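Biologist: I am new to protein models. Please show me how to read one, feature by feature.

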Amino acid sequence: MATPLELSTRASADGIPVVTVAGEIDMSNAGRFRDALGLAAAAVDGGSFVVDLTGVEYLDSAGVHVLFAHASRIRLIAGPLLEPVLTVSGLSGITSADESQ
């Protein structure tokens, strides 16, 4: 059975895509996560976008791999629950706890 994952994309006040993710990201749904980030990346044609992970309860290596594919173009927003995995993976440098866009 697939792990529950909710994805939505909206534009910030500046017109920057914000991909909001809730639930669990693992190998059963990393393809959906990859596709959502790919659409956001295509919408900004080389620019940057935001990935809001504050609603994510679990992030495994498949999800981290997807984030690394866009690491140079994304700003992550994450809560303290994901701090250890983002720190160990090296993604904490592009992560903010601030939810304001």
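Biologist: How many helices and strands does the protein have?

Modeller: Start with the definition. Helices (H or I, at least four residues) and strands (E, at least two) are DSSP runs, numbered from the N terminus. Here there are three helices and five strands. Along the sequence they follow the pattern β-β-α-β-α-β-α-β.

Biologist: What should I know about the model itself?

Modeller: It is a predicted model: local features need pLDDT of at least 70, side-chain atom pairs count only at pLDDT 80 or more, and totals for chains, interfaces and linings use all residues. Residues are numbered from 1 along each chain as its sequence is written, and side-chain values use heavy atoms, with hydrogens and water left out.

Biologist: What is the radius of gyration of the protein, and what would a compact globule have?

Modeller: The radius of gyration is taken over C-alpha atoms, and the globule rule is 2.2 Å times the number of residues to the power 0.38. For 101 residues, a compact globule would come near 13 Å; the protein has 12 Å, which agrees. Its C-alpha trace spans about 35 × 25 × 20 Å along the principal axes.

Biologist: What percentage of the residues count as buried?

Modeller: Buried means under 20% relative accessible area, exposed over 50%, and partly exposed in between (1.4 Å probe, protein chains only). Of the 101 residues, 40% count as buried.

Biologist: Which residues of helix H2 are buried?

Modeller: H2 covers residues 61-69, and its buried residues are Ala62, Gly63, Val64, Val66 and Leu67. Now ask what covers them. Contact means heavy atoms within 4.5 Å. The cover includes strands E2 (17-25), E3 (49-59) and E4 (74-77), along with helices H1 (30-44) and H3 (83-89).

Biologist: Which residue caps the N-terminal end of H2?

Modeller: Look for a polar contact. That is a pair of N or O atoms within 3.5 Å; within protein, one must be able to donate a hydrogen and the other to accept it, and residues adjacent in sequence count only if both atoms are side-chain atoms. Asp60 is the cap: one of its side-chain oxygens lies 2.9 Å from the backbone nitrogen of Ala62.

Biologist: Is Val85 buried, exposed or partly exposed?

Modeller: Val85 sits in helix H3. Val85 is partly exposed because its relative accessible area is 27%. Leaving aside neighbours within four places in sequence, Val85 is in contact with Leu59 and Val64. Asp60 and Val85 are 25 residues apart along the chain, yet their C-alpha atoms are separated by 8.3 Å.

Biologist: Where does Thr3 lie?

Modeller: Thr3 lies in the segment before strand E1 (5-11). Its relative accessibility is 14%, so Thr3 counts as buried. Beyond four places in sequence, Thr3 is in contact with Glu24, Asp26, Ser28 and Asn29. Thr3 and Ile25 are 22 residues apart in sequence, and 7.5 Å apart in space, C-alpha to C-alpha.

Biologist: Is Ser96 buried or exposed?

Modeller: Ser96 belongs to strand E5 (residues 95-96). Its relative accessible area is 18%, so Ser96 is buried.

Biologist: What is the phi of Asp45?

Modeller: Most residues other than glycine have a negative phi. Asp45 has a phi near 40°, a positive value in a residue other than glycine. Asp45 lies in the loop between H1 and E3. At 72% relative accessibility, Asp45 counts as exposed.
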